[in-house]
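Trainee: Could we go through this model by way of its helix packing and its salt bridges? Please give the cut-offs as we go.

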Amino acid sequence: MSPNEPTNAQKQRRGLSRLWHAFGYSLAGLRAGWQETAFRQEAIAAIVLVPLAFVVGRTWTEISLLSGTVLLVMMVELLNTGVESAIDRIGPEWHELSKRAKDMGSAAVLLSLLLCGGTWIAAIISRWI
């Protein structure tokens, strides 16, 4: 990078200023995620499931696993949306590599959902059956 090129202002920040601005960028990412139907559905499910984890889980470890898998689904969904947005920015035309990237992101969401569902089913069976 030459000295004449503009730099990302966030890279120049230090200490609390950097943390404060990073927090703002994170909130902007959550607001952008909220515009996506899948993320919104998962967030609404999390509003129900995270408190329910305190009922289903018998130990802090179980509560953490139940809550953590729900949050993991949301994190993977945000990353998937980020990949899709970056691909869409490149161009609207169909390309095999773009399709592969989007399909892999979708597969990651599916795997996180399976992990979450499996964890919840195992916890419920262990608790009440």
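Mentor: We start with helix α4 (residues 60–90) and helix α5 (residues 96–128), which pack with their axes 9 Å apart at an angle of about 170°. Helices are DSSP runs of H or I with at least four residues, numbered from the N terminus. Axes are lines fitted to C-alpha atoms, for helices over the stretch in contact, and angles run from 0 to 180 degrees between N-to-C directions. This is a predicted model, where local features need pLDDT of at least 70 and side-chain atom pairs count only at pLDDT 80 or more, while totals for chains, interfaces and linings use all residues. Residues are numbered from 1 along each chain as its sequence is written, and side-chain values use heavy atoms, with hydrogens and water left out.

Trainee: Are α4 and α5 roughly parallel or antiparallel to each other?

Mentor: The angle between α4 and α5 is about 170°. Angles under 35 degrees count as roughly parallel, over 145 as roughly antiparallel, 65 to 115 as roughly perpendicular and the rest as oblique. The relation of α4 to α5 is therefore roughly antiparallel.

Trainee: How do the residues of the contact of α4 with α5 divide?

Mentor: Ala, Val, Leu, Ile, Met, Phe, Trp, Tyr, Cys and Pro count as nonpolar, Asp, Glu, Lys and Arg as charged, and the others, Gly among them, as polar. On that basis, the residues of the contact of α4 with α5 are four charged, seven polar and 16 nonpolar.

Trainee: Which residues does Asn80 touch, not counting residues up to four places away in sequence?

Mentor: Asn80 is found in helix α4. At 6% relative accessibility Asn80 counts as buried, the classes being buried under 20% relative accessible area, exposed over 50% and partly exposed in between (1.4 Å probe, protein chains only). With contact meaning heavy atoms within 4.5 Å, Asn80 touches Lys102, Gly105, Ser106 and Val109, not counting residues up to four places away in sequence.

Trainee: And Ile87: which residues is Ile87 in contact with, leaving aside neighbours within four places in sequence?

Mentor: Ile87 is also in helix α4, and its relative accessibility of 14% makes it buried. From Ile87 to Ala101 the C-alpha atoms are 8.0 Å apart, and the two residues are 14 apart in sequence. Leaving aside neighbours within four places in sequence, the contacts of Ile87 are Ser98, Ala101 and Lys102.

Trainee: Which residue forms a salt bridge with Asp88?

Mentor: A salt bridge is a side-chain nitrogen of Lys or Arg within 4 Å of a carboxyl oxygen of Asp or Glu. For Asp88, the closest N and O atoms of the pair are 2.6 Å apart, and the partner is Lys102. The pair links distant parts of the chain, 14 residues apart, with Asp88 in helix α4 and its partner in helix α5.

Trainee: What separates Lys99 and Asp103 in helix α5?

Mentor: The side chains of Lys99 and Asp103 meet in a salt bridge at 2.5 Å, N to O. Lys99 is partly exposed at 37% relative accessibility, and Asp103 is partly exposed at 40%. Lys99 and Asp103 are four residues apart in helix α5, so their separation is about one helical turn.

Trainee: How many salt bridges does the count come to?

Mentor: Besides the pairs above, Glu62 forms a salt bridge with Arg58, with the closest N and O atoms 4.0 Å apart. Glu62 is partly exposed at 26% relative accessibility, and Arg58 is partly exposed at 46%. By the rule given, the count of salt bridges is three.

Note on methods
Helix = DSSP H or I, 4+ residues; strand = E, 2+ residues; numbered from the N terminus.
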